[in-house]
Amino acid sequence: MRKAKQRQPISRARALQMAVQLADREGLEALTMRRLAAVLEVEAMSLYHHVKNKNEILDGMVDLLFAEIDIPEADWKAAMRRRAHSARAALLRHRWAISLMESRPTPGPNNLAHHDAVIGCLRRGGFSVPLTAHAYAVLDSYVRGFVHTELNLPFKTSEESHAVASGIFDRLPPGLYPHLIELTKEHVLKPGYSYGNEFAFGLDLILDGLERAKEREGR
């Protein structure tokens with residue numbers, strides 16, 4: 001006789017990990033207590049022994065996300081650059097996360113530790129408290145705004161961008177929107193183009209601007 005498949009014991013940590021995987025695979029709208037219990041192969045009531053409700057699951061998922069983002073150390077500029085790239089990568093892995101990251105009223109330890117580390121890095125780098133707040137806001141707004149656009153573009157590859165551009169421009173009368181057509185042909189449709197490559201350029205502009213703001217404040 002074949003042995004019955006051993007079911008993994010349920011725990012809060014495993015429930016949260018499976019919730020993240022479910023949301024990654026099927027979207028946040030698919031995440032319900034009943035659906036998560038089915039994925040864990042337990043009754044819904046058993047799940048409530050480990051997490052009180054869906055809000056606690058969402059809080060825990062956000063906390064797991066923050067654990068994936070590099071905590072900044074050492075030189076502020078290099079640390080903020082590394083953190084921004086790490087945050088972008090995490091948000092691309094978890095498409096559901098942008099809308100949740102700052103919306104949870106009960107942040108977990110990873111979330112709080114990450115915010116504290118970012119603030120501490122900027123303060124050690126010579127930023128005043130107000131400039132630290134400005135820097136934090138503009139960096140996070142840039143990363144999340146960029147990723148939001150990146151995730152919602154109608155193309156992912158060079159081939160797809162060619163197809164989208166052709167579908168748009170083939171319908172237009174000649175000479176209409178010349179600047180848009182020029183940029184698309186001379187930049188977007190070049191071999192190897194990826195919208196994601198624009199991220200580093202914009203990030204460097206922000207970091208250089210923050211460095212100048214810090215110098216002005218120091219004077």
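**View 1. Helix 8 leads the lining of the largest pocket.** With five residues, helix 8 gives the most to this lining. This is a predicted model, where local features need pLDDT of at least 70 and side-chain atom pairs count only at pLDDT 80 or more, while totals for chains, interfaces and linings use all residues. Residues are numbered from 1 along each chain as its sequence is written, and side-chain values use heavy atoms, with hydrogens and water left out. Helix 8 covers 158-169 and helix 9 covers 178-188, and each supplies at least two residues of the lining (helices are DSSP runs of H or I, at least four residues, numbered from the N terminus). The pocket holds about 160 Å³ of space (a volume is the space filled by probe spheres set on grid points, which are joined across faces, edges and corners). A pocket here is an open set of points on a 1 Å grid over the protein atoms alone, with protein on both sides within 12 Å along at least five of seven lines, and lining residues have an atom within 4 Å of a point. Look for Phe155, Ser161, Val164, Ala165, Ile168, Phe169, Leu180, Leu183, Thr184 and Val188 around the space. Eight of these lining residues are nonpolar, two are polar and none is charged (Ala, Val, Leu, Ile, Met, Phe, Trp, Tyr, Cys and Pro count as nonpolar, Asp, Glu, Lys and Arg as charged, and the others, Gly among them, as polar).

**View 2. Helix 8 meets helix 9.** These two helices pack at an angle of about 160°, with their axes 12 Å apart (axes are lines fitted to C-alpha atoms, for helices over the stretch in contact, and angles run from 0 to 180 degrees between N-to-C directions). So helix 8 is roughly antiparallel to helix 9 (the word for angles over 145 degrees). Their crossing is left-handed (the near helix is turned anticlockwise from the far one by less than a right angle; clockwise would be right-handed). Ser161, Ala165 and Phe169 of helix 8 touch Leu180, Ile181, Thr184 and Val188 of helix 9 (contact means heavy atoms within 4.5 Å). The contact has five nonpolar residues, two polar ones and no charged ones.

**View 3. Helix 4 crosses helix 6.** Helix 4 (residues 54-68) and helix 6 (residues 109-124) have axes that come within 7 Å and cross at roughly 40°. That angle is why helix 4 counts as oblique to helix 6 (oblique is what is left after under 35 degrees, roughly parallel, over 145, roughly antiparallel, and 65 to 115, roughly perpendicular). This crossing is left-handed. From helix 4, Val62, Asp63, Phe66 and Ala67 meet Pro109, Asn110, Asn111, His114 and His115 from helix 6.

View 4. His114, His115, Val118, Ile119, Leu122 and Arg123 in helix 6 meet Val129, Thr132, Ala135 and Tyr136 in helix 7. Sorted by class, that gives six nonpolar, three polar and one charged.

**View 5. A cavity sits among Phe66, His114 and other lining residues.** The whole structure has one cavity of 30 Å³ or more (a cavity is a set of grid points where a 1.4 Å probe fits but cannot get out). About 60 Å³ of space lies in the largest cavity. Its lining is Phe66, Ile69, Arg83, Ala87, Leu91, Met101, His114, Asp140, Val143 and Arg144. Helix 5 (76-93) and helix 7 (129-152) are the elements giving two or more residues. The lining has six nonpolar, one polar and three charged residues.
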